[in-house]
Number of protein chains: 6
Amino acid sequence: MYSVTVRDHVMIAHSFKGEVFGPAQRLHGATYVVDVEFRSPQLDADGVVLDIGRATDALRALLAELNYRNLDEHPSFNGRNTTTEFLARVVFDRMAAAITRGDLGAGARAVESLRVTLHESHVAAASFDGPIGDR
Amino acid sequence: MYSVTVRDHVMIAHSFKGEVFGPAQRLHGATYVVDVEFRSPQLDADGVVLDIGRATDALRALLAELNYRNLDEHPSFNGRNTTTEFLARVVFDRMAAAITRGDLGAGARAVESLRVTLHESHVAAASFDGPIGDR
Amino acid sequence: MYSVTVRDHVMIAHSFKGEVFGPAQRLHGATYVVDVEFRSPQLDADGVVLDIGRATDALRALLAELNYRNLDEHPSFNGRNTTTEFLARVVFDRMAAAITRGDLGAGARAVESLRVTLHESHVAAASFDGPIGDR
Amino acid sequence: MYSVTVRDHVMIAHSFKGEVFGPAQRLHGATYVVDVEFRSPQLDADGVVLDIGRATDALRALLAELNYRNLDEHPSFNGRNTTTEFLARVVFDRMAAAITRGDLGAGARAVESLRVTLHESHVAAASFDGPIGDR
Amino acid sequence: MYSVTVRDHVMIAHSFKGEVFGPAQRLHGATYVVDVEFRSPQLDADGVVLDIGRATDALRALLAELNYRNLDEHPSFNGRNTTTEFLARVVFDRMAAAITRGDLGAGARAVESLRVTLHESHVAAASFDGPIGDR
Amino acid sequence: MYSVTVRDHVMIAHSFKGEVFGPAQRLHGATYVVDVEFRSPQLDADGVVLDIGRATDALRALLAELNYRNLDEHPSFNGRNTTTEFLARVVFDRMAAAITRGDLGAGARAVESLRVTLHESHVAAASFDGPIGDR
């Protein structure tokens, strides 16, 4: 299996509901350094998994909807805890939809699965990994 | 599949038996930067794979049993070569047992598999990856 | 010149005032991975710049006052833009004061200067570097 | 599953054919930081996946054939785009062949699969991951 | 002293003249991950060293003149060895000129010195560090 | 000021004397990832600070004297606490002596100062920085 991974980041505010979160129940924030791995069993005629420029642009566009925002007030996440693992799934779903819509080019439709990892600090990260058809 | 990863480290002394180890047959030591990835197919009602605070505490407690020790004299490793890959398995087994005992909370029992990686330098690492029920 | 550096992190929310900040004028947040370098021209009788355990504890205590908070409402920063470079100075001033108070032990009083670096992402950081007596 | 990972790097020149590559159609170059992960379901009598010294030497020897070269003129890649994902496969195939030939020692024949990752910058990487018997 | 650091990268081909370079006398290439640190003794009215958005844009524009090129044929470097340390100086000189021209905004004219670091692999880097007025 | 930095690592065992060290009074060990920065105000005729190949070899040779050893029994460190900062100085002194002896080539005699940093984990490091003539 081949894969290509691109990295970008997003800076958001949010708070969590539930005693398990302790002080993170207060309004705080995070930088998420985001890695998206695109996997395909074969390379296209150009010798690539997908157009890395379009993949990078798609990730930036997708993160721009979240960037510099308070996720507690974001209409997409009404009443949900926007934990790192939850946001990894959000990025996964949106990137999978972008691929299906053809935003990353026709060649990217050969991508079978994604792994999205959000690094929240030098000591913690979360990811969502799955096939694209399984949304 | 969702996952959460936490990082800590441990500093130990040891030596290896066997010509394959060359100068590492002498008493020496290592810092292991340890990543434990906890995987679960779903998030709990709080939106997390597990309580990351308890995961972090469990990893610290587990590593404290090894930290600042000469593993050649550690009762757990009698006569064994405590290689990086062997120690990855030790951390895996102990973390899996902690999850089964409920040390990481009831929610962590949904964790299906772990990947434990020990980075021994900027150019070498070893890991053990497996299902929790397969111990 | 000798130095010792310790690392920790803090997760906060804030917003900025001023057109230069563009979308960062909205409430958002950041993870700051914080490095504090302690410099001394000589080692003490134990062979260290300072007690690294106490340095680590002092950094954690200092960051706990900021951690999981909305800095826009923090009494210390009334009306100030809590930019990365501003916060680097805040950490510098508080660590310098802790050293002067003796919180890091008598030996740490030999520390002459500090460099505090806050990494806000994989592509941006800010720091404050100066002598301790220059506060 | 156990694994051991070693890291080295290679510095090459090349150009790409195809409009999708934009300015990368010009002659340019890259440093690839290369990670090879060797996976085995069990440890040998010494407690290792394989002799890490021989794995490191094999990776260095393999990369030496590419290092400090213009891949556009390399006889192995006649008319091919030597993209990061393509080169990940090249390293995979050559390391798999080295294992099969016994270059990494008899013990390394227990290695079932490899993951080869080439990091081309701090924001992009590509990999090839597969079983050794599947060449 | 305050500082702000931004990171970007550039991918080039080149060769070196001189026996000291061994195999690097052949045409090869490199990815340089470039850090530019901007230093100022004080923050402006907005609480920043300079507009980090403009600093990032200036670095990208400056690197675009080098990116995806064979530096052996670049008119700027006629007959020079474009070593990592030489290129660090090139980036330094061009960024200093951009600041002087006002490309980074009026506020950036308070920047007194720069440190430019080019990481050529995970084990090697070079830098040029100096006052802006010393060009 | 120009600089070039090379990285290598060393794995050692040791113990510390003094209550300040707590559990680190027991025999344990460390991996030190070692960075040596060589600084010079000018480049030589080849366009380099020094021959990076010789610098890398000199660092490897110097670390080989410590590698895979119990520093408590090393004749060089009789009765001394081989702390990270102490070892940074040891590497500094030995590298400075190597430069003075001409081991790094005649050109390296233009190197005016060194910064040696030993990373002992992902959260702690120590360094020694000074002029070469100040030994």
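**Entry 1: the model**

I am working from a predicted model. I kept that in mind for every entry below.

**Entry 2: aromatic pairs**

I began with the rings. A pair of aromatic rings is described by the distance of the centres and the angle of the planes. My search of the whole structure, over all chains, returned 24 aromatic pairs. I then picked one of them, Phe92(B) with Phe128(B). Their ring centres lie 4.8 Å apart, and the planes make an angle of 75 degrees. I logged the pair as edge-to-face, because the angle is over 60 degrees.

Phe92(B) belongs to helix H2 of chain B, residues 84-101. Phe128(B) belongs to strand S5 of chain B, residues 124-131.

Tyr2(A), Phe92(D) and Phe128(D) make up one aromatic cluster.

**Entry 3: chain B against chain D**

I turned to contacts between chains. On the chain B side, 18 residues are in contact with 16 residues of chain D. The size of an interface is often given as the accessible area lost when the parts come together. For chain B and chain D I noted about 1300 Å² buried between them. Carbon and sulfur atoms account for 47% of that area.

I checked charges next. The rule gives one salt bridge across this interface. In a salt bridge, the side chain of Arg115(B) meets that of Glu37(D), at 2.8 Å from N to O. I also logged nine residue pairs in polar contact across the interface of chain B and chain D.

Which elements of chain B give two or more residues to the side that touches chain D? I found H2 and S5. S5(B) has the largest share, six residues. By residue class, this side of chain B divides into eight nonpolar, five polar and five charged.

**Entry 4: chains that do not touch**

Chain B and chain C do not touch, and their nearest C-alpha atoms are 12 Å apart. Chain A and chain E do not touch either, with their nearest C-alpha atoms 12 Å apart.

Conventions
Residues are numbered from 1 along each chain as its sequence is written. Chains are lettered from A and ligands numbered from 1 in the order in which they are written. This is a predicted model: local features need pLDDT of at least 70, side-chain atom pairs count only at pLDDT 80 or more; totals for chains, interfaces and linings use all residues. Side-chain values use heavy atoms; hydrogens and water are left out. Rings of Phe, Tyr and Trp (its six-membered ring) pair if their centres lie within 6.5 Å; planes under 30 degrees apart count as stacked, over 60 as edge-to-face and the rest as tilted. Helices (H or I, at least four residues) and strands (E, at least two) are DSSP runs, numbered from the N terminus. Contact means heavy atoms within 4.5 Å. Buried area is the accessible area (1.4 Å probe) that two parts lose on being put together, summed over both. A salt bridge is a side-chain nitrogen of Lys or Arg within 4 Å of a carboxyl oxygen of Asp or Glu. A polar contact is a pair of N or O atoms within 3.5 Å; within protein, one must be able to donate a hydrogen and the other to accept it, and residues adjacent in sequence count only if both atoms are side-chain atoms. Ala, Val, Leu, Ile, Met, Phe, Trp, Tyr, Cys and Pro count as nonpolar, Asp, Glu, Lys and Arg as charged, and the others, Gly among them, as polar.
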